[in-house]
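Here are some notes to read alongside the model. Please keep the structure open and find each residue as it comes up.

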Amino acid sequence: MTKPPQRVEMISIADIAVVNPRLRSQKIHKTITQSIELVGLKRPITVRRVPSTQGALPYALICGQGRLESYKLLGQSEIAALVLDVDEETGHVMSIVENIARRTPRAVETMEQVRVLKHRGYSDEEIAAKLGCTASWVNQVNHLLECGEKRLLAAAESGHIPLHLAVSISRANDSDAQKLLLEAYDSGELKGRKVTVVRRILEQRARSGKQGNNAFAKVPPRKPMTPEDLTKLYRREVEVHRRIQKKSEFIQQSLLLARQIFKELFANKEFCALLKAEKLTSIPQPLADLLPRGGLRR
């Protein structure tokens, strides 16, 4: 098969038709745009030339929709493009193959590259330019690597904890780390299962040190779950939620009973007189709300 003729040209963005648009992750697209703004376009887009009799625009996009959209957002009018002289069907097949073959490296692999480049003497800014990220991100990852915080790195890589919070925890003692976790929960930065995951990391960290297992080791694939496994898991989760609900109902009933008891006691003049005599006039606000007008004042 003869390779189609190709060359890189600067072409007008307005002359490119996106014939097969795809929905994109806003988070990933934002990262692409920031990278292009920071270090420029590292790889040209791919387009095919369209004869004037087959389309209104002279070029049709084959690969690089994200980069093209980022250039538009950044206000650019031209973009570097690999221009191919192929027909519509060939261009469509090339687009499919390109999108399937492209593999985004895992964050953990990028973190390992930070370690390698740092050992070779590159600065944070130089590493950031090579990896298409920010110098701040490189600095934070390198700090965790140097401190041996493999659990925190793994949690950050899997999205369970923000990288900056992982760095703050690595610099704190156990009690301060717990405070940071509580503050992150109060601010809404950590929610739901993420809180449980980070709390477990802190417990393991306090018990057996920072490093734990090698976070950069390849994790063996899990055995696929059978329908029977899923059924058992579902039943176990249902039972857990049923117990939680029963405990919640019991606590609610206990609180209502306690409230009624105190309400009746506060309505008893002899009981209130006894409290005053013993100088027990300072009580929690929820109980004070049950007092008759005037409270326990003399």
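1. Aromatic pairs. The model is a predicted one, and the count of aromatic pairs in it comes to two. In one of them, Phe-262 and Phe-266 are tilted against each other, with 6.0 Å from centre to centre and 40 degrees between the planes. The two residues are four apart in helix H11, so about one helical turn separates them. Phe-262 is partly exposed, at a relative accessible area of 31%, whereas Phe-266 is buried at 4%. The other pair is Phe-266 with Phe-271, also described as tilted: the centres are 6.2 Å apart and the planes make an angle of 45 degrees.

2. The ring cluster. How are Phe-262, Phe-266 and Phe-271 linked? Ring pairs join these three residues into a cluster. Phe-266 takes part in the pair with Phe-262 and in the pair with Phe-271. Phe-271 is partly exposed, with a relative accessible area of 23%. To describe such a pair, one gives the distance of the centres and the angle of the planes.

3. A nonpolar surface patch. Phe-262 also belongs to a nonpolar patch on the surface, together with Leu-257, Ile-261 and Leu-265. Taken together, the four residues have about 330 Å² of accessible area. Leu-265 lies in helix H11, which covers residues 227–266. Its own relative accessible area is 31%, so Leu-265 counts as partly exposed. A residue needs over 30% to be part of a patch, and Phe-262 has 31%.

4. Side chains of opposite charge can pair when their charged atoms come close.

5. How many salt bridges does the count give? The count comes to five. One of them joins Arg-49 and Glu-9, whose closest N and O atoms are 3.6 Å apart. Arg-49 is in strand S3 and Glu-9 in strand S1 (residues 6–12), so this pair ties together parts that are 40 residues apart in sequence.

6. Asp-85 is partly exposed, at 37% relative accessibility. Through shared partners, salt bridges join Glu-9, Arg-49 and Asp-85 into one network.

7. Strand S4 and its neighbours. Why is strand S4 described as largely enclosed by the rest of the structure? Five of its five residues (59–63) are buried, so the strand is largely enclosed. Strand S3 (residues 45–49) pairs with S4 in the antiparallel sense, over four bridges. In this pairing, Val-47 stands opposite Leu-61. Strand S2 (residues 16–17) pairs with S4 in the parallel sense, over two bridges. Here Ile-16 has Tyr-59 as its bridge partner in S4.

8. Val-93 is placed in helix H3, which covers residues 88–101. Val-93 is partly exposed, with a relative accessible area of 44%.

9. A buried serine. Ser-70 is in helix H2 (residues 65–73). Its relative accessibility is 0%, so Ser-70 counts as buried. Which residues does Ser-70 touch, not counting those up to four places away in sequence? They are His-29, Ile-32, Thr-33 and Ile-36.

Key:
Residues are numbered from 1 along each chain as its sequence is written. This is a predicted model: local features need pLDDT of at least 70, side-chain atom pairs count only at pLDDT 80 or more; totals for chains, interfaces and linings use all residues. Side-chain values use heavy atoms; hydrogens and water are left out. Patches are made of residues with over 30% relative accessible area and no salt bridge: like charges are joined within 9 Å, nonpolar side chains (Val, Leu, Ile, Met, Phe, Trp, Tyr) within 5 Å. Accessible areas come from the Shrake-Rupley method with a 1.4 Å probe; for residues, only the protein chains shown count as cover. A salt bridge is a side-chain nitrogen of Lys or Arg within 4 Å of a carboxyl oxygen of Asp or Glu. Buried means under 20% relative accessible area, exposed over 50%, partly exposed in between (1.4 Å probe, protein chains only). Two strands pair if DSSP finds at least two bridges between them. Contact means heavy atoms within 4.5 Å. Rings of Phe, Tyr and Trp (its six-membered ring) pair if their centres lie within 6.5 Å; planes under 30 degrees apart count as stacked, over 60 as edge-to-face and the rest as tilted.
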